[in-house]
Amino acid sequence: MPTLSDLAVRHTALNEADIEWMHSLVSDWQLLADLSFADLILWIPLRDASGWIAIAQMRPTTGPTVYHDDIVGVTVSKGERPLIDTAWDERRICREGDPDWSSGVPVREETIPVRRADHFLGVIQRSTNLSSARTPSRLELTYLQSASDLAQMVAEGRFPFSGAEPILVRSPRVGDGLLRLDRAGRVTYASPNALSAYRRLGLNADLVGAELGRTTAALCYSDEPINENLMIVASGREPRETEVESGGTVVQLRAIPLVVGGGRIGALVLIRDVTELRRRERELMTKDATIREIHHRVKNNLQTVAALLRLQARRLRVPEGREALEEAVRRVGSIAIVHETLSHTPEEQVDFDDIADRVIAMTGEVAAPEAKVTPRRVGTFGVLPSEVATPLAMVLTELLQNAVQHGFANRPGRLQVIVSRGDERLRVVVSDDGRGLPEGFDPESTTSLGLQIVRTLVVGELAGRLAIDPRPGGGTEVTLDIPLPAA
């Protein structure tokens, strides 16, 4: 489905600022749909003014929808939707007309002109399914009055709020709980969910008639300085959000000032009990901290093992034994690098470029001075999960060490790690211009411990493919083709 921006740029004369206003409106018009119990469709004039195109649509969560199919992208000619034309031409909200029965159910149509600053951008069609109409309750009457005020603010260019903080995905919704305030910040209506949230905060008295700011502050800040942001939100003076906590209950508040006809007539305050959500977030933070601490301790233990192996190697007089222990030290060190990186990240994901550069630098440090080999990386690994990063770090260590030891014995050369990453696979080529593979070399039957480790990790653990071939022009190329886990 095309996006709002795509449709606006392709079919309308809206400029960048107008499109941004539309994005702000659409990001928050679920509020208007829910208060209206109605579907909303945003129509914008076509560039040639011959008709209209629907660039956005919203269904209510508080009532039945009228449009089960998507309308976005549909165009209509001038005259096909008279209420849209009237709202646009006369710059006013249109509510006249009898219910429309063309779809088999009675639908009341209304249109609201959308204004930004001193010019109009389009029209919102508000369609209410009347098939489930019943005698309205106090809640429904409050919802409809609030929707009428918001619609007037849209027509006057006062909603969405210019320069306001972006609305979070987890912001309170109409069904979570709603309070209606008068101009002085006193509660004129409290929905059952909103009242329940305040009961959990410790309220024993009636909320209707109370000044919301003072009541909330008394519940939550008896022995502490009052949060200034709370008073601004609870009085409905500015479009902001805040959270209050009392007795283990956490409640989120969002204020929507109602400014109609140039004056503030009151405000809506949406309420949501987020106690369980915040508890889970704290548990996840504790879990993440524990995992990072485990990685930190594993890194410390591996460094201790490496130090012990290094001490043992210094005591050996047999060159082969000392060389074997030094290789083990490097292998342990490559794994320690991964765990050190994981100990600083909140998720089991690591930026492998940093790990690869440290492994490459470690290889260059152990190369013989006369060899003058300086490995370098070409391309980007990006972020990899730990189950890929750990074996891949060891594979790189083995391949680079093998190239330095056997390909550049007492001679200079060039050693590269060439990386190319796609959406589903990672391709790594370790290329050197050294002395090349020995005659009759067979990677399947080699007795080299390092290559056996590489094959086991690449093929067995990473489910990838390994190829060892002569490099054109001399030297060796080792190619790794590794599948990447789905995001």
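Biologist: How much space lies in the largest cavity?

Modeller: About 40 Å³. Before we go on: this is a predicted model, where local features need pLDDT of at least 70 and side-chain atom pairs count only at pLDDT 80 or more, while totals for chains, interfaces and linings use all residues. Residues are numbered from 1 along each chain as its sequence is written, and side-chain values use heavy atoms, with hydrogens and water left out.

Biologist: What makes a space a cavity?

Modeller: On a 1 Å grid over the protein atoms alone, it's a set of points where a 1.4 Å probe fits but cannot get out. Points are joined across faces, edges and corners, and the volume is the space filled by probe spheres set on them. A search of the whole structure finds one cavity of 30 Å³ or more.

Biologist: Which residues line the largest cavity?

Modeller: D28, Q30, L31, D34, P172, R173, V174, R254 and L270; a lining residue has an atom within 4 Å of a point. Helix α3 (residues 30–36) gives the largest share, three residues. Helices here are DSSP runs of H or I, at least four residues, and strands are runs of E, at least two, numbered from the N terminus.

Biologist: Why is I93 called buried?

Modeller: Buried means under 20% relative accessible area, exposed over 50%, partly exposed in between (1.4 Å probe, protein chains only). I93 has 13%, so it counts as buried.

Biologist: What does I93 touch?

Modeller: Leaving out residues up to four places away in sequence, T111, I112, P113, A151, Q152 and A155; contact means heavy atoms within 4.5 Å. I93 and Q152 are 59 residues apart in sequence, yet 7.7 Å apart in space, C-alpha to C-alpha.

Biologist: How many residues of helix α7 are buried?

Modeller: Seven of the nine in α7 (residues 212–220), hence "mostly covered". Among the buried ones are L212, T215 and C220. The cover includes β6 (178–181), α6 (192–201) and β10 (263–273).

Biologist: How do you know that β15 and β17 pair?

Modeller: Two strands pair if DSSP finds at least two bridges between them. Strands β15 (residues 425–432) and β17 (residues 476–483) have eight, in the antiparallel sense.

Biologist: What is the strand order in the open sheet of five strands?

Modeller: The order is β12-β14-β15-β17-β16, with mixed pairing. The edge strands, β12 (376–378) and β16 (465–470), each pair on one side only.

Methods: On a 1 Å grid over the protein atoms alone, a cavity is a set of points where a 1.4 Å probe fits but cannot get out, and a pocket is an open set with protein on both sides within 12 Å along at least five of seven lines; lining residues have an atom within 4 Å of a point.
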